[in-house]
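Here is a briefing on one protein chain, grouped by topic. Please read it alongside the sequence and the model.

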Amino acid sequence: MDKKSNESGCDLEFETVLYREVGQFGKFQLITIALASFSSLICGFMATDYIFTIGRLPYRCVIPECDYPEPEFLPQWIANAVPSTASGLDSCNRYVNVTDESTLTPGTDEICPAILFNRNETISCDSYVHERTNTAVYDFNLECQEWLRALPGTLNSAGGMVALILAGFVSDRLGRKISIVFFSLNVALVGVIRAFSVNLAMYAALQFLQTAIGGGAFSAVYILASEIVGPEFRVKTSATISSTFAMGQVILGVIAFLIPAWRTLTLVLYVPVFLAVSYYWIGNESFRWLLSKNKQKEGRASLEYAARLNGKRISDESMNFLLTAIPRQMEAQKHLNEHSVLYRVIKSPVLLRRCCTTPFLWMTTTFIYYGLSINSVGLSGWSSMLGRIGSIIAPLTPALMVYWSGIPSIMFAVTAIISGFLVLTQPETMGLKVPDTIEDAEYLGKK
């Protein structure tokens, strides 16, 4: 490897030296990302399992005048007793009875004829006949309570807002590896407990708790992967981590198809997640985090291990630079932190405009992404933390279809159009270096 003998620490950029000595992407990065990706995959389970576990069931009113003790869901006479809707039978109402059925002969063509009912008047169901009973809707008696059925999905996404705050705190103080293990363990533990929920309150509270104390697993994996690869591979790496999350949702759909019973499905999803705890022993920490915390012994060992796996060797001069560069940089920038970041953003019209528009763009992304995912199976129901508002609202959109079936589609379209115009106000960043300071951020995209 060619070296410039006269290079000094002051003349070198940290990233240039780091990835020249360690390698931008090699065996070390591949193994680390592959092991950590299991935790991002299980986050795909956690984000949308409620679509299946508390999914809407096909049911109708019990017709006391006609149904036998073990009623059939769709008997031949059902249209005489239950109104039709655009999507099939009305699940929550039936026609009012007006004739004494005792005058009719059971087992003949006159069983439950239209003459028994006033087809101009309906009443709500007293009890229900279900075609299947494999979701929590049946266990928790949530028939015809669409807003309550949508509540767990909303709380799931609300927990994600808490997770983003917690993820930053834990990841910064304890490290990326500990964060992955901690959050993954929480996902597994709360998920298994949720399989034994006895009522809606317990189920909904655990949906919130699971994402609140487990959702940080994805953030930890994402940060770890971004920190260990070189600039040329960060976009591909980010796309890979996001794809594992999506793959988790695909796997969830397949498992839910094979195992429709919601309690069994939940156990099958989350019991294997306990395996993620093994990352503590077999996974790697981010050398950038170790260096940023001035953990020189651990940082040196991590850098040497990464270089060795990638078939490289770090020179003593470069190692000394890497071990001290970040602490020196932090010390040098202390004088720039006289004012808080929030104050400096407010004083900058450029950054203030971006901070106001970017969260709406992210909110629209999550709103449409989760909204389409939820509606696809008929469930009613200043950072990326603000973007979570979209995913909180999304589970509620199908419940609006009670008033008009086109409401969710209109909401998706309007937010997408607004975001389309707002994105034109953002700078083009393709091929540009990630800004290191607020001043760099202000001039981002300017020539």
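Glycine 23 follows helix 1 and has a positive phi, near 105°. Helices here are DSSP runs of H or I with at least four residues, and strands are runs of E with at least two, numbered from the N terminus. The model is predicted: local features need pLDDT of at least 70, side-chain atom pairs count only at pLDDT 80 or more, and totals for chains, interfaces and linings use all residues. Residues are numbered from 1 along each chain as its sequence is written, and side-chain values use heavy atoms, with hydrogens and water left out.

**Helix 1 and helix 14**

- Buried residues in helix 1 are Phe14, Val17, Leu18, Tyr19, Glu21 and Val22; buried means under 20% relative accessible area, exposed over 50%, and partly exposed in between, with a 1.4 Å probe and protein chains only.
- Helix 1 (residues 14-22) and helix 14 (residues 296-309) have axes that come within 8 Å and cross at roughly 50°.
- The two helices, helix 1 and helix 14, are therefore oblique to each other. Angles under 35 degrees count as roughly parallel, over 145 as roughly antiparallel, 65 to 115 as roughly perpendicular, and the rest as oblique. The axes are lines fitted to C-alpha atoms, for helices over the stretch in contact, and angles run from 0 to 180 degrees between N-to-C directions.
- Helix 1 contributes Leu18, Glu21 and Val22 to the contact, and helix 14 contributes Leu303, Ala306 and Ala307; contact means heavy atoms within 4.5 Å.
- By class, the contact of helix 1 with helix 14 holds 5 nonpolar residues, no polar ones and 1 charged residue. Ala, Val, Leu, Ile, Met, Phe, Trp, Tyr, Cys and Pro count as nonpolar, Asp, Glu, Lys and Arg as charged, and the others, Gly among them, as polar.

**Nonpolar cores**

- The largest nonpolar core has 30 residues, of which Leu18, Phe287 and Leu303 touch the most other members. Such a core is a set of buried Ala, Val, Leu, Ile, Met, Phe, Trp, Tyr and Cys residues joined through side-chain atoms within 4.5 Å.
- At least two residues of this core come from each of helix 1, helix 2 (27-48), helix 7 (176-194), helix 9 (216-228), helix 13 (287-292), helix 14 and helix 15 (316-332).
- Helix 15 supplies the largest share of this core, 6 residues.
- Leucine 18 is in contact with Gly23, Phe287, Arg288, Leu303 and Leu322, leaving aside neighbours within four places in sequence.
- Another core, of 21 residues, lies apart from the largest one; among its members are Phe45, Ala188, Leu252 and Ile255.

- Isoleucine 33 is in helix 2 and is buried, with a relative accessible area of 9%.
- Isoleucine 33 and valine 221 are 188 residues apart in sequence, while their C-alpha atoms are 7.9 Å apart.
- Contacts of methionine 46, leaving aside neighbours within four places in sequence, include Asn156, Val187, Gln210 and Tyr270.
- Serine 219 is in helix 9 and is buried, with a relative accessible area of 19%.
- Serine 219 touches Leu164 and Ala167, not counting residues up to four places away in sequence.

**Loop asparagines with positive phi**

- Asparagine 141 has a positive phi near 55° and lies in the loop between helix 5 (136-139) and helix 6 (146-174).
- At 51% relative accessibility, asparagine 141 counts as exposed.
- Asparagine 294, in the loop between helix 13 and helix 14, has a positive phi of about 60°.
- Asparagine 294 is partly exposed, with a relative accessible area of 43%.

**Annotated spans**

- An unreviewed UniProt entry places the feature "transmembrane region" at residues 28-52, 178-196, 202-225, 237-259, 265-282, 360-382 and 402-424. UniProt positions are given in the numbering used here, feature names are shortened, and annotations may be inferred rather than shown by experiment.
- Residues 178-196 are 89% helix and 0% strand, with end C-alpha atoms 28 Å apart.
- Residues 265-282 are 56% helix and 0% strand, and their end C-alpha atoms lie 28 Å apart.
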